[in-house]
Amino acid sequence: MKLKQDEGLIRQNKEKLGKILDVYERRLGEIRFPAGDDFTLADLTLMANYVAQATTLSGNDSDERNE
């Protein structure tokens, strides 16, 4: 779309997302799903939010945290 992008803001938001994902990873090490031991609507909401943020920040569907 050739929109002007603020690379500093993009980098800052990617760092924030990385911190959130670290919290999710730690939490999933303790319990089965992010919202508890049973899969609930809260888990669906978290997953949808994660996918939307990850796709928006990366500009595609790849995981850039491992690059």
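Modeller: One cut-off comes first. A residue is buried under 20% relative accessible area and exposed over 50%, and partly exposed in between. Met47 has 43% relative accessibility, so Met47 counts as partly exposed. Keep in mind that this is a predicted model.

Now the setting. The protein chain has two helices and zero strands. Helix H1 covers 7-30, and a loop lies between H1 and H2. Helix H2 takes in residues 41-58. The chain has 67 residues, of which 13% count as buried. Its accessible surface is about 5,700 Å², and carbon and sulfur atoms hold 55% of that. Take the contacts between residues at least 6 apart in sequence: 48% of them join residues at least 24 apart.

Start in the loop, with Ala35. Ala35 sits between the two helices. Its relative accessible area is 38%, so Ala35 is partly exposed. Leaving out residues up to four places away in sequence, Ala35 touches Arg27, Thr40, Ala42, Asp43 and Leu46. Leu46 is eleven residues from Ala35 along the chain, and their C-alpha atoms are separated by 8.4 Å.

Asp43 is the next stop. Asp43 belongs to helix H2. Asp43 is buried, yet has no salt bridge. Which side chain of opposite charge is nearest to Asp43? That is Arg27, and it is 8.0 Å away. A salt bridge needs a side-chain nitrogen within 4 Å of a carboxyl oxygen. Arg27 does touch Ala35, and Ala35 in turn touches Asp43.

A search of the whole structure finds one aromatic pair. Phe33 and Phe39 have ring centres 5.2 Å apart and planes at 70°, so the pair is edge-to-face. Phe33 counts as partly exposed because its relative accessibility is 21%. Phe39 has a relative accessible area of 43%, so Phe39 is partly exposed too.

Phe39, Leu41, Leu44 and Met47 make a nonpolar surface patch of about 410 Å². Met47 lies in helix H2.

Terms used: Residues are numbered from 1 along each chain as its sequence is written. This is a predicted model: local features need pLDDT of at least 70, side-chain atom pairs count only at pLDDT 80 or more; totals for chains, interfaces and linings use all residues. Side-chain values use heavy atoms; hydrogens and water are left out. Patches are made of residues with over 30% relative accessible area and no salt bridge: like charges are joined within 9 Å, nonpolar side chains (Val, Leu, Ile, Met, Phe, Trp, Tyr) within 5 Å. Accessible areas come from the Shrake-Rupley method with a 1.4 Å probe; for residues, only the protein chains shown count as cover. Helices (H or I, at least four residues) and strands (E, at least two) are DSSP runs, numbered from the N terminus. Buried means under 20% relative accessible area, exposed over 50%, partly exposed in between (1.4 Å probe, protein chains only). Lys and Arg count as positive and Asp and Glu as negative; His and the chain ends are not counted. Contact means heavy atoms within 4.5 Å. Rings of Phe, Tyr and Trp (its six-membered ring) pair if their centres lie within 6.5 Å; planes under 30 degrees apart count as stacked, over 60 as edge-to-face and the rest as tilted.
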